[in-house]
Amino acid sequence: MTSPKGNKIKLDKQTNSDHFVSEFVPTEDGIYTISVIHGAKEAYETMRFEFSSIAFVKVGKQEGMTGELPFHLKSLSNSKKLGSEINLAVYDNSIPQKETEVIIMGPEGWTKTLHSDALGKVSFKPIIPGKYIIEASKTDEKTENWNNQKIDKIWRGTTIAIQVK
């Protein structure tokens, strides 16, 4: 977790079947960033995989975030109502990611694939109420030795879930 002042704090977590659980007591107003970055145990040929998820917790009225954040999706919309446009952005280290594939998976098997614009943004209008899972991914060229294996690419994926009413 990153505090509003940019301090990194490691939270203890419990692993459940499909998610992690943790808790903290805020000590200052602002936006806390909770992130989980998980690498796959094994690489595929010369590519390793990295999955991330981020949540923002706002405490009080103070705004703003500090520090660089890993590859992630951010909802830019306050309203998540059926028929309202939902705006999202894709970032990596606080830099908007253009031309990034974003897959929207909705209730009843509805899916849509979009690509982010020059500002890293995508938008869609949900047509069915319920839970939407949104995933973005990208592949970075990077040569490294990872677990005694030569790697030349890193696939990064991130997801968020939103509830449309």
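I86 stands opposite F124 in strand 10, and strand 6 and strand 10 run antiparallel, joined by 4 bridges. Strands here are DSSP E runs of at least two residues, numbered from the N terminus, and two of them pair if DSSP finds at least two bridges between them. This is a predicted model, so bear in mind that local features need pLDDT of at least 70, side-chain atom pairs count only at pLDDT 80 or more, and totals for chains, interfaces and linings use all residues. Residues are numbered from 1 along each chain as its sequence is written, and side-chain values use heavy atoms, with hydrogens and water left out.

**Strand 6 and its neighbours**
- Strand 6 is mostly covered, with 6 of its 7 residues buried; buried means under 20% relative accessible area, exposed over 50%, and partly exposed in between (1.4 Å probe, protein chains only).
- Strand 5 (residues 72–75) also pairs with strand 6, antiparallel over 4 bridges, and there S75 stands opposite L88.
- Strand 7 (residues 95–96) pairs with strand 6 in the antiparallel sense over 2 bridges, with I95 as the bridge partner of D92.
- Strands 6 and 7 make a hairpin with 2 residues between them, and N93 in the turn has a positive phi of about 50°.
- P4, in the segment before strand 1 (14–15), is 89 residues from N93 in sequence and 16 Å away in space, C-alpha to C-alpha.
- P4 has 11% relative accessibility, so it counts as buried.

**The nonpolar core**
- The largest nonpolar core has 18 residues, and V102, I104, F124, Y132, I134 and I162 have the most contacts inside it.
- A core here is a set of buried Ala, Val, Leu, Ile, Met, Phe, Trp, Tyr and Cys residues joined through side-chain atoms within 4.5 Å.
- Among the elements giving two or more residues to this core are strand 6 (86–92), strand 10 (121–124) and strand 11 (130–146).
- Leaving aside residues up to four places away in sequence, I134 touches partners including L88, V102, F124 and I162, where contact means heavy atoms within 4.5 Å.

**Rings and a charge**
- There are 6 aromatic pairs, using rings of Phe, Tyr and Trp (its six-membered ring) with centres within 6.5 Å; planes under 30 degrees apart are stacked, over 60 edge-to-face, the rest tilted.
- F24 and Y32 have ring centres 5.0 Å apart and planes at 45°, so this pair is tilted.
- F24 is partly exposed at 23% relative accessibility, whereas Y32 is buried at 2%.
- F49, F51 and W155 form a cluster linked by ring pairs.
- The charged end of K74 sits over the ring of F56, 5.3 Å from its centre (the cut-offs are NZ of Lys or CZ of Arg within 6 Å of the ring centre and within 35 degrees of the ring normal).
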